[in-house]
Amino acid sequence: DEIGEHLKKIRQQKGSTLRKFAALMNMQCEARLSQWENNTAMPSVPNLLLLCSIYNVSAHENFSSINH
């Protein structure tokens, strides 16, 4: 999987919409998150760690084996 596909999978497993996810990430719109999920932009390391914290998932377990 690519990072974006994995991010989308985690979000959907947690039952979150892009809009809810944007609110949790303190972002004003979900466009950037959509870019992450579509692999047209990459989240910064701090944003990736924040996402893991919000969804209570391990960064190492969830992202160490994906293609980037």
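A nonpolar core is a set of buried Ala, Val, Leu, Ile, Met, Phe, Trp, Tyr and Cys residues joined through side-chain atoms within 4.5 Å. Keep in mind that what you see is a predicted model.

The largest nonpolar core here has 15 residues, and the members touching the most others are Leu 7, Phe 21, Trp 36, Leu 51, Tyr 55 and Phe 63. The largest share is from α4, with four residues.

Let's zoom in on Tyr 55. Leaving aside residues up to four places away in sequence, Tyr 55 touches Ile 10, Arg 11, Lys 14, Ser 16, Phe 21 and Leu 24.

Search the whole structure and you get one salt bridge: Arg 11 pairs with Glu 37, with 2.6 Å between the closest N and O atoms. That pair ties together distant parts of the chain, since Arg 11 belongs to helix α1 and Glu 37 to helix α3, 26 residues apart. Both partners are buried.

What about disulfides? The structure has zero of them. Here is how two cysteines compare in accessibility:

| Residue | Relative accessible area | Class |
|---|---|---|
| Cys 29 | 43% | partly exposed |
| Cys 52 | 4% | buried |

Cys 52 counts as buried because its 4% relative accessible area is under the 20% cut-off.

Methods: Residues numbered from 1 in each chain as written. Predicted model: local features only at pLDDT ≥ 70, side-chain atom pairs only at ≥ 80, totals over all residues. Heavy atoms only, no water. Disulfide = S-S within 2.5 Å. Buried < 20%, exposed > 50% of the residue type's maximum accessible area, 1.4 Å probe, protein only. Helix = DSSP H or I, 4+ residues; strand = E, 2+ residues; numbered from the N terminus. Contact = heavy atoms within 4.5 Å. Salt bridge = Lys/Arg side-chain N within 4 Å of Asp/Glu carboxyl O.
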